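Here is a short briefing on folding, packing and charge pairing. Please look over the sequence and the model before reading on.

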Amino acid sequence: MNKTLVLSATLDNLEALMAHGREAATACGMDPRAVQQVELALEEVLVNVITYAYADVDAGTGPSPAIELSCDCDKGRAVTISVADQGTAFNPLDRPDPDTSLPVEKRAVGGLGIFLVKQMMDSVAYRRSRGRNVLTMVKRCPGRSPEPPDI
Amino acid sequence: MTITHEISGQTALVYLSGRIDAQSAPGVNEEINQIIDQGRNRMLINFKGLEYISSAGLRVLITVAKRLKATSGKLVLCSLEPKIYEVFDVSGFTAIFSIRDTQEDALASLDA
């Protein structure tokens with residue numbers, strides 16, 4: 001079961017996109033706490049795309065600033081979420097993690113978003129494909145162990 | 001997202017409830033900074049009703065903490081729900097913020 005939502009990459013659409021992810025995780029059988037972790041990871045990725053993906057793109061001639069959000073449920077075992085945009089090539093996973101041991105005066109104000117994604121999801125991967133940045137995240141439904149693949 | 005506050009002696013008590021995400025974080029930032037602009041640099045933030053916080057909210061808190069620290073102010077947080085505490089913990093914030101379970105304990109820590 002795969003559901004894709006395509007909306008323009010604006011902050012106004014953040015809630016609708018997050019609701020889509022929330023519903024998919026819930027429908028896949030995740031408990032509320034895990035759903036919220038998925039939601040948090042999704043917000044971080046979406047906000048990055050909304051803020052940066054199309055910043056260098058010419059509004060008149062560039063690709064339409066859209067976000068494609070796909071949610072897939074693997075038979076109640078795991079949720080896979082993909083966020084794709086046609087903006088400037090950028091791999092958010094390239095950035096180093098923030099140093100979470102620094103005292104408050106030395107902590108950088110930013111950098112937490114992708115770090116939280118990595119903490120909340122079981123796997124995160126980036127690829128550049130046909131002019132799109134695609135970030136894919138997977139979270140296993142707690143309590144489920146993966147079954148062997150169908151042959 | 002609801003943010004209210006009251007002044008108790010020298011301390012600003014700030015109450016957060018609802019959700020802090022990328023859309024509501026700027027409002028929280030503005031309101032808390034206005035309180036500090038009014039001369040309050042002893043602050044307690046009560047998270048009792050807060051159900052969700054993302055990095056946008058954490059950024060507001062770190063900016064507020066830096067601002068208060070720079071003026072020798074004090075900041076204490078209290079009443080974080082476990083799922084909120086988890087986000088703080090993963091981010092390293094439990095080590096750099098003063099966090100208490102109850103408002104009573106939090107106020108006592110400000111006087112210590």
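Buried means under 20% relative accessible area, exposed means over 50%, and partly exposed lies in between, with a 1.4 Å probe and protein chains only. This is a predicted model, in which local features need pLDDT of at least 70, side-chain atom pairs count only at pLDDT 80 or more, and totals for chains, interfaces and linings use all residues. Residues are numbered from 1 along each chain as its sequence is written, chains are lettered from A and ligands numbered from 1 in the order in which they are written, and side-chain values use heavy atoms, without hydrogens or water.

**Chain A: fold and dimensions**

- Chain A holds three helices and five strands; these are DSSP runs numbered from the N terminus, helices being H or I of at least four residues and strands E of at least two.
- Along the sequence, the pattern of chain A reads β-α-α-β-β-α-β-β.
- Along the principal axes, the C-alpha atoms of chain A fill a box of roughly 45 × 45 × 30 Å.
- Buried residues make up 44% of the 151 in chain A.
- Among contacts in chain A with a separation of 6 or more, 64% join residues 24 or more positions apart. Contact means heavy atoms within 4.5 Å.
- Chain A has an accessible surface of about 7800 Å², and carbon and sulfur atoms account for 52% of that surface. Accessible areas come from the Shrake-Rupley method with a 1.4 Å probe; for residues, only the protein chains shown count as cover.

**Nonpolar cores**

- A nonpolar core is a set of buried Ala, Val, Leu, Ile, Met, Phe, Trp, Tyr and Cys residues joined through side-chain atoms within 4.5 Å.
- The largest such core has 73 residues, and B:Met43, B:Ile45, B:Phe47 and B:Phe88 touch the most other members. Helix α2 (residues 32-53) of chain A gives the most to this core, with twelve residues.
- Leaving aside residues up to four places away in sequence, B:Met43 touches residues including B:Val14, B:Ile36, B:Leu68, B:Val76 and B:Leu110.
- Another core, of six residues, lies apart from the largest one; B:Leu13, B:Leu44, B:Ala106 and B:Leu110 are among its members.

**Salt bridges**

- Across all chains there are eleven salt bridges, each a side-chain nitrogen of Lys or Arg within 4 Å of a carboxyl oxygen of Asp or Glu.
- A:Arg132 pairs with A:Glu68, the closest N and O atoms being 2.9 Å apart. The bridge links strand β5 (residues 132-140) to strand β2 (residues 66-73) of chain A, across 64 residues. A:Glu68 is partly exposed, at 23% relative accessible area.
- A:Arg140 and A:Asp122 also form a salt bridge, at 3.8 Å from N to O. A:Arg140 lies in strand β5 and A:Asp122 in the loop between α3 (112-120) and β4 (123-129) of chain A, 18 residues apart. A:Arg140 is partly exposed, at 44%, and A:Asp122 is partly exposed, at 38%.
- B:Asp37 forms a salt bridge with B:Arg67, with the closest N and O atoms 2.6 Å apart. This pair joins helix α1 (residues 25-37) to helix α2 (residues 55-70) of chain B, 30 residues apart. B:Asp37 is exposed at 54%, whereas B:Arg67 is partly exposed at 30%.
- Salt bridges with shared partners join A:Glu15, A:Arg22, A:Glu39 and B:Arg19 into one network.
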